[in-house]
Amino acid sequence: MQQRLPRKIVVLTGAGVSRESGLATFRDADGIWASVRIEDVATPEAFAANPARVHAFYNARRSGLLEEVIQPNPAHRALARLEREWPGELLLVTQNIDDLHERAGSRNLVHMHGELLKTRCLACEEVIEWRQELDLESLCPACGQRGRLRVNVVWFGEMPHEMERIYDALDACDLFVSIGTSGSVYPAAGFVAEARAAGRAHTLELNLEPSEGESLFHEKRYGPASELVPAWVEELLANRP
Ligand code: BJW
């Protein structure tokens, strides 16, 4: 495993970590972008042109996420265990908009692409927990305006959340681990280079197959996240100081 024992770890997760919980990835053959066009649902322009279509897309994904059968898998649970038991610092950065990391017990977590179970009011900017459907008449509980709520996710062309906190952690980390992401969407795809740039971080990829940034990782393991992640966490904790 890594050359020296890390103290500060940054873990980046993508859709692959939730695949075995029953949530679709984006770019796999059976992924979301195989049946829906990005430019129809995942840009601010798409929302401006056809908000009803964008609401319908996220309403379906929200109700899917809330189905009883969708639960955290061993990869989510292993990362929560690592946060509880690791004596150093751990920041979990997820590109996922689901809440499976929280349900598994992770707390030091950044949702850089937002959260499906929250809405944001375009009139008053309030971010509110939201588990029901959104439509053109939805009322903002904070300011009382109708039709100004949007799902609190980050679309193409929008700034991901908490970037300063993420880059500070990347610049200081000893170990960067990327799990279940294709490495095709920036800025997340650039995190491995950022973590290496300070000259300190060992970099590890855990994925079903080599990602686009595969050559930038010192170490790579390929297989399902539900197997790779618990095994890696077990190994790391067995060697803890
Ligand atoms: C398994 C598995 C199992 C399967 N076990 N593994 C030209 C060059 C560079 C950049 C740009 C450019 N033109 C435009 C840009 C910027 C643009 C971008 O990156 N475009 C690219 C397409 C080129 N990015 C943006 O616009 C972002 N904002 C931005 O850049 O702001 C400016 C800025 C600059 C610098 C610093 C700071 C800010 C915003 C991006 C928003 C992305 N939004 C989405 C939708 C969110 C809401 C929603 O969910 O609907 O986020 S798109 C979608 O892709 C979603 C995901 O989070 C994201 C990443 O996907 P992910 O997670 O990697 O999924 P997949 O499907 O791609 O991969 C899954 C992987 O899992 C695969 O490898 C499988 O093999 C694996 N897997 N089963 C383990 N069981």
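Tyr58 is buried, and so is Trp155, where buried means under 20% relative accessible area, exposed over 50% and partly exposed in between (1.4 Å probe, protein chains only). The model is predicted: local features need pLDDT of at least 70, side-chain atom pairs count only at pLDDT 80 or more, and totals for chains, interfaces and linings use all residues. Residues are numbered from 1 along each chain as its sequence is written, and side-chain values use heavy atoms, with hydrogens and water left out.

**Aromatic rings**
- Rings of Phe, Tyr and Trp (its six-membered ring) pair if their centres lie within 6.5 Å; planes under 30 degrees apart count as stacked, over 60 as edge-to-face and the rest as tilted.
- The count by this rule is 7 aromatic pairs.
- Trp33 and Phe57 are stacked, at 6.4 Å centre to centre with 20° between the planes, and both residues are buried.
- Tyr58 and Trp155 form a tilted pair, with 6.4 Å between centres and 45° between the planes.
- Ring pairs join Phe26, Trp33, Phe47, Phe57, Tyr58 and Trp155 in a cluster.

**Charge over a ring**
- The charged end of Arg150 sits over the ring of Trp155, 3.8 Å from its centre; the criterion is NZ of Lys or CZ of Arg within 6 Å of the ring centre and within 35 degrees of the ring normal.

**Cys173**
- Cys173 counts as buried, at 1% relative accessibility.
- Cys173 touches Lys8, Val10, Ala195, Arg200 and Ala201, not counting residues up to four places away in sequence (contact: heavy atoms within 4.5 Å).
- Cys173 and Leu91 are 82 residues apart in sequence, yet 9.4 Å apart in space, C-alpha to C-alpha.
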